[in-house]
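Colleague: Could you take me through this model? I would like to start with the strands.

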Amino acid sequence: MPSVDLDTATTNAHDPSHQARRSSRSTRSPSLTRAAAASRAAPTSPTATKRSPSPVINFNTPLSTENPTGVKSITRKVIRRLEGLGHLEMVGMDVPVTEEEEETLTPSEEQEIETVLYAIGKETVKKAEALGETQNGHSNGNGHIKKEKKEKPDLEIPRKVLHSSIGFFTLYLYVSEGDVRTIVMVLWMALAIIVPADLLRFNSRRFARTYEKVLGFLMRESEKNSINGVVYYILGVNFVLSLYPQDVATVAILILSWADTAASTFGRLYGSYMRKLPARLPILRLPLAPRKSLVGFLAAAATGSAIALGFWGSIAPMRAGGQDLTWSWDEGVRQVAQGTEPKALGGGGALGLLAISIVAGIVSGISEALDLGALDDNLTLPIISGGCILGFLKLLGIAASWFSS
């Protein structure tokens, strides 16, 4: 049986039998001769020296008297198969193989070829393991190459805690009947401090180092060279508090605080295991951010739906006896005008609450996944989600009043 040795050309140069085989070029098959000519004509690439050494096949057993060329014929067929796979450039043989021998393989010859190929593959694996051990130690020594462990995703826990805590603070202010105008004024005052500090950070390296040393744990790497996300957060919150009804504005802030956090957390944890969102939203053709994952979208949608369900189902009536609500369980959608009694339009009960929660979930997922260029989602998420929910409530009221009339 033939044995396989992986050796270099330098070693073969000092082997007389190898040199004798190399000298008998006239007996090569046409395909090998063409491969040799092509390899000599092709220019040497920079990576040519890194090519794995070609296997050299030696015969450790005497040839059979009945078929003296049989073993070499099988070996030539092995070489031809390797040549077809691209593992060999040129190998010299002194025994030609006829076309009939090349095309027809007996079961015993097929087994011989498989044995040789297995030996070559086994030797290659051993060399790869040895190379891996010397370079990065990724081989486990049991014939298998260890896969590199994926880096754990950065969950931005301090940032997420601050982000989520604002939602609880918002609920407290809503239930305790805090004055919306006072809250908006306080936020504008905070913004008057944060914006100059950001501008100073861009123009003073010393101040930037101090700023990042104190607040850097709350910042993303991308925010160190751009406007702080807190600026967009306050702008988005003040927008909804100033223009939307209090209950709708509160839901929009909760979606910003909790749905955005859920989407980011689940997306970082499991986004690599699920497919990304399409480039555009079906039907509406709205652009979606390429980095957003399906699991993040589902997390935002589920959280937004739960927020609307829990808020209008139990928390909203706690403020001022539910007098200023846009929607209530008993009356459904309410048309509230300053100085007048609210007018009930219908669409209340479990069916109305379920419809609102479903819409709020879909709106939360889409708003969080939208790609609006340079606009920060801390600004766009509350504005878009709150506006869509308010628009749906108006449509629900119109439809309910139309069916009841």
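Modeller: Strand β3 (residues 327-328) pairs with strand β4 (residues 332-335) in the antiparallel sense, over two bridges. Strands are DSSP E runs of at least two residues and helices are H or I runs of at least four, numbered from the N terminus; two strands pair if DSSP finds at least two bridges between them. This is a predicted model, in which local features need pLDDT of at least 70 and side-chain atom pairs pLDDT 80 or more, while totals for chains, interfaces and linings use all residues. Residues are numbered from 1 along each chain as its sequence is written, and side-chain values use heavy atoms, without hydrogens and water.

Colleague: Which residue is the bridge partner of S328 in β4?

Modeller: That partner is G332. The two strands, β3 and β4, form a hairpin with three residues between them.

Colleague: Turning to helices, how do α12 and α13 cross?

Modeller: The axes of α12 (residues 294-315) and α13 (residues 349-369) come within 7 Å and cross at roughly 145°. Axes are lines fitted to C-alpha atoms over the stretch in contact, with angles from 0 to 180 degrees between N-to-C directions.

Colleague: Which residues make the contact?

Modeller: Among them are F297, G304 and W312 of α12 and L353, G361 and E368 of α13; contact means heavy atoms within 4.5 Å.

Colleague: What is the span 294-315 like?

Modeller: Residues 294-315 are 100% helix and 0% strand, with end C-alpha atoms 30 Å apart.

Colleague: And how many aromatic pairs are there?

Modeller: The structure holds seven, where ring centres of Phe, Tyr or Trp (its six-membered ring) lie within 6.5 Å; planes under 30 degrees apart are stacked, over 60 edge-to-face and the rest tilted. F207 and Y211 form a tilted pair, 6.0 Å centre to centre with 45° between the planes.
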